[in-house]
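My entries are below, in the order in which I made them.

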Amino acid sequence: MEFLRPARWDEALAAKAAHPTAVPLAGGTDVMVELNFDRRRPDHLLDLGRIPELHTWETGPETVRLGACVPYARIIERLPGELPGLALAARTVGSPQIRNRGSVGGNLGAASPAGDAHPALLAAGAEVEVASVRGSRLIPVEEFYTGVKRNALADDELIRAIHIRKATGPQAFSKVGTRNAMVIAVCAFAIALHPRTRTVRTGIGSAAPTPVRARAAEDFLNAALAEGGHWDGGRAVTPSIAGRFAELCAAACDPIDDVRGSTAYRRHAVSVMARRTLGWTWEAFREGGAITGGGAQCA
Amino acid sequence: MTMDTDRITTSTSTSGRAPARTATELRQGATAKGTIGESTPRPDGTLKATGEFAYSSDLWHEDMLWGFTLRSPHAHAEIRSIDIGEALAMPGVHTVMTYADLPAETHYGLEIRDQPVLAAGRVRYHGEAVAIVAADHPETARRAAARIKVEYAELPLVTDEATATAPGAPVLHPGRADRHAGGVPHPNIVHRQPIRRGDVAAAEARAEVVVRRDYEVGMQDQAFLGPESGLAVPAEDGGVDLYIATQWLHVDRDQLAPVLGLPADKVRLTLSGVGGAFGAREDLSMQAHACLLALRTGRPVKIAYNRYESFFGHVHRHPAKLAYEHGATRDGKLLYVRCRIVLDGGAYASSSPAVVGNAASLSIGPYAVDNVDIEALALYSNNPPCGAMRGFGAVQACFAYEAQMDAVAAELGLDPVEFRQRNAMSQGTVMPTGQRVDSPAPVAELLRRVKERPLPPERPWADAGGSVDVRGLPGGLSNTSHGEGVVRGVGYAVGIKNVGFSEGFDDYSTARVRLEVLGGEPVALVHTAMAEVGQGGVTVHAQIARTELGVTQVVIHPADTRVGSAGSTSASRQTYMTGGAIKHTCEAVREEVFRRGRERFGHRHPGWAGDAGLLLEGGKVVTGAGEVIGDLAEILGGDAIDIEREFRHRPTEPFHPETGQGFGHVQYSFCAHRAVVDVDTELGLVKVVELAAAQDVGKALNPLAVVGQIQGGTTQGLGLAVMEEIQVSGGALVRNPSFTDYLIPTILDTPSIPVDVLELADDHAPYGLRGVGEAPTLSSTPAVVAAIRAATGLRLGRVPVRPEHLTGT
């Protein structure tokens, strides 16, 4: 196995073009586990850790352009205002050591349905900036996940950054695991209110072959909120609207039965999280636009 | 008495080929003061916390090879053929061994020699060792193992009592000749122990309230942090030196020597750094494999399992199915208990027979009940082998009998603590086995203490300003609730555990103590074979030597087989047994000091006359009146006193095979818990808010370590209550052999654990002490589940409780 360690982005792209089966390495929190268990033995490892720009971010008027290798710990510290949903998700990732190494780029590269960043990206709205020696393109995050641990990258492409819409309203993220910290998701749910477009978006993790948005639930809720004049009047969401939204979120799941949880439990838990997070974010919106949902303090 | 000055020089260095650093060389002395009863910090505590402690997995030898084990992917299969050609041809591979290459005995086992060193034509569980490889690099060894071609033909599975005892069931160990074989109703039952006392039928006729329920306990893993590892070094005399993390050096040796075809004195073991044990190191894991490879290649061989392999490398806690029936009078007096406990022992016996004895004899808990009809048994199956784990058969029973006590109390409309107290045993109570409890049994008092403790505040997660700290809520950092769906529950439980090896086992420990004056200061060297696995013997031994010999400087010699057996570090027995052996030996050393003093200086002072009341204090011989009459330096001069002695607890006897009657246990130990939980009833997530414990320890030799043991056991019990389970598929395959999916409590899952320690002396035990380590593991689990029941109103007959159980999904 050859270890490639480009110092610059163009060198990384050239290396990936020359070795299309090279496995990119960011924090290594997924890849190294596979290597250590000998489940994977690529001819080349392409370490992106030396490329400075991948560890930085830029905040624009509408979006944050987040370098692929920015670790979760930095997102929690530095971007809780712009990316509250992602920051909440980042807090639930692994242990402090993992949060110091793991990154959103790595989560996208691994494309595990249990990746914690995915629901938050789906709810906020994001595009994945990928590049190759042929040029670069932006892939809407919904289209990025193509199957269990598969994504839309071509063989010669690398993830450079993620363009994530800055929050203009409350966001929330919840994840069910069977212990109170350092746990892989049994299922996860994210919600983001977008008052400017008067829409609500969702993201579901670990309850379908890929991370998904609950589109029917979003459509129902958006229509109900518009119809009831909720965005203007600051009216509370009725239990029946919240209940229907939760049901539709559960219906968007296509979960498996496995060692971590049953199909029925996953659907049920997604519906509970959907109802609760809608409540937290909508109440925060009514109370005058606190960006994070629910007033939760986290460690 | 022995005076063997040669032994100390040979014991501090080995053949010259030893690893540069073994972790057990924990020198004590100047830094750790303290006699018994004083809190004494561990000498290795800081090293472990900072990552500098050398564990057995850190062992290294200059020209060592790495061993790797090929394991079965099937739970039950015939091995048709094994082709090692391709593996052997790989560059860097030194040898490949299968069953056909074993030089001597082919099987081993703690109680029954039924476990093949390498699979003998048949595999009986997922992960059974089939072949071993030695290579110059661990990766080479692993890849070579992958190239061994094994042809399997799968066989029908035995996975539970029905499939084990059905007509035509495959017999997993045909031709059994072990001592339990004649007494079992089916050859797939390892051991069965009934206990009958009183007249259950008559009691049933009088019972006004009867509760019958079934319970189930999942397969818990010890989940120690340091996976199995060790280093075998072939010696010039044809023997082998094994540096190993284990629980009992001598029983390892006694199992290894026949397998290696060597006399016991050519198999020398030295304890290496142990990263936890909890019973999982009682059986051999890689010991025989490393020694076989080392002897075959003439090179040192290291084997270190990774976490995945560790889940296949040791036995687990027996999963159990338990059926209980309790009958009581309307005014809350227990009349009778019927119960049947079926433990799944998996493919090999390990310590299943002893676990059965415990489960049966402790099956009704710390209660006085005159009429009992009890049956416990362990199965052979194709599930993972199960054996020793902290609590050893008493854990499974405690979950069931405490749930029953709550259920009967509810039927009677009695407070669950009040009902327990009315039926609590005390000193003088007769156990189901007919054994009269002859030392304090403060069961009602322990319950009173946990009950009277103030309850923790409600809604601890919410501050006055209305904001929420999710760390205090069910779901924790996963941010699933800000208080929605959260209901508080409180539950109680109490348990009884035996201390020491039972049922007539010749349980002893050996200590060697050497006292001499070095550089003007008296120094005691304490040498035992006790495995320090975290339980704290390393501090307690020095405390005992200081107390008995009146010295400050105590050196704890590395544990090895050059001294007599210390017995196992299990059954909460080491402070009692090896502590007792050190006390006993120190007393002999002290008497020898007095004898020599009297001989040389008796004429100088009348205090030497007779043997009344002399003491050793601060290197002086002191009379009972406090007068110094001799100086150790003067008495000993350049000589040392060096004594090795054995210590035994009082004898026990086997349980009668049909009635279960017998003086089977040495000592009992009791702990009570009150659990306070917050349950997210919609999501089925649990936050244990507080787990208060009260335990009688007889005498706390090192109070700091005692509290640590109680908190650790409590947490391990919490793990079984809400998360820890090895899941086995219908095909008897392990589904979650990783810390990703076998969850153990994190610090955020670990509640505040206030501990109330009682010291009611047991006059039969050294210093009156009572074994501590296991009892808290028993009652923690049922207390947590009782609290969850209180919060949810659900019956919850199975642990671990999963979110599915709480949400009906």
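Predicted model: local features only at pLDDT ≥ 70, side-chain atom pairs only at ≥ 80, totals over all residues.

These entries go from the contact between chains down to single residues.

**Entry 1: chain A against chain B.** I looked up the contact between the chains and found 36 residues of chain B and 34 residues of chain A in it. On the chain B side, I listed the elements that give two or more residues: strand 20 (468-469) and helix 19 (803-807). Helix 19 of chain B has the largest share of that side, with three residues. I sorted the chain B side by class and got ten nonpolar, 15 polar and eleven charged residues.

**Entry 2: domains of chain B.** The domain assignment divides chain B into domain 1 (5-11 + 28-53 + 508-648) and domain 2 (58-155 + 227-274 + 281-313). I read 38 Å between the C-alpha centres of domain 1 and domain 2 of chain B. Where the two touch, 15 residues of domain 1 of chain B are in contact with 15 residues of domain 2 of chain B. On the domain 1 side of chain B I have six nonpolar, seven polar and two charged residues.

**Entry 3: helices 11 and 12 of chain A.** At what angle do helix 11 and helix 12 of chain A pack? I got about 140° between helix 11 (residues 239-251) and helix 12 (residues 263-286) of chain A, with the axes 8 Å apart. Angles over 145 degrees would count as roughly antiparallel. Helix 11 and helix 12 of chain A are therefore oblique to each other. Their crossing is right-handed. From helix 11 of chain A, the residues in the contact include A:Ala242, A:Phe245, A:Ala246 and A:Cys249. From helix 12 of chain A, they include A:Val270, A:Ala274 and A:Leu278. I also found charged residues there, among them A:Glu247 on helix 11 and A:Arg267 and A:Arg275 on helix 12 of chain A. By class, this contact has eight nonpolar, three polar and three charged residues.

**Entry 4: helices 4 and 7 of chain A.** I then took helix 4 (residues 84-91) and helix 7 (residues 117-124) of chain A, whose axes come within 8 Å and cross at roughly 175°. That makes helix 4 of chain A roughly antiparallel to helix 7 of chain A. Helix 4 of chain A contributes A:Gly85, A:Leu86 and A:Ala89. Helix 7 of chain A contributes A:Ala117, A:Pro119, A:Ala120, A:Leu121, A:Ala123 and A:Ala124.

**Entry 5: helices 17 and 18 of chain B.** Helix 17 (residues 703-722) and helix 18 (residues 775-792) of chain B pack at about 45°, with their axes 7 Å apart. That makes helix 17 of chain B oblique to helix 18 of chain B. I noted a right-handed crossing for this pair. The contact includes B:Ile710, B:Gly713, B:Gly717 and B:Leu720 on helix 17 of chain B, and B:Pro776, B:Leu778, B:Thr781 and B:Val784 on helix 18 of chain B. By class I have nine nonpolar, seven polar and no charged residues.

**Entry 6: helix 8 of chain B.** Is helix 8 of chain B largely enclosed or exposed? Nine of the eleven residues of helix 8 (residues 287-297) are buried, so the helix is largely enclosed by the rest of the structure. The buried residues include B:Gln287, B:His289, B:Cys291 and B:Leu295. Just after this helix, I found B:Gly298 with a positive phi of about 70°.

**Entry 7: B:Leu636.** I located B:Leu636 in helix 16 (residues 632-636) of chain B. B:Leu636 counts as partly exposed, because 19 C-beta neighbours lie inside 10 Å and a buried residue needs 20 or more. B:Leu515 is 121 residues away from B:Leu636 in sequence, with 8.8 Å between their C-alpha atoms. Beyond its neighbours within four places in sequence, B:Leu636 is in contact with B:Glu516, B:Val517 and B:Ile641.

Entry 8: B:Val799 and B:Pro800 are joined by a cis peptide bond, with omega about -5°. I placed B:Pro800 in the loop between strand 32 (798-799) and helix 19 of chain B. B:Leu796 lies in the loop between helix 18 and strand 32 of chain B and has a positive phi near 50°. With 17 other C-beta atoms within 10 Å, B:Leu796 is partly exposed. B:Arg459, in the loop between helix 13 (443-452) and strand 20 of chain B, has a positive phi near 45°. B:Arg459 also counts as partly exposed, with 13 C-beta neighbours inside 10 Å.

Note on methods. Residues numbered from 1 in each chain as written. Chains lettered and ligands numbered in written order. Axes fitted to C-alpha atoms, helices over the stretch in contact; angles between N-to-C directions. Helix = DSSP H or I, 4+ residues; strand = E, 2+ residues; numbered from the N terminus. Parallel < 35°, antiparallel > 145°, perpendicular 65-115°, else oblique. Left-handed = near helix turned anticlockwise from the far one by under 90°. Contact = placed C-beta atoms within 7 Å. Domains from an automatic or database assignment. Buried ≥ 20, exposed ≤ 12 C-beta atoms within 10 Å, placed from the backbone.
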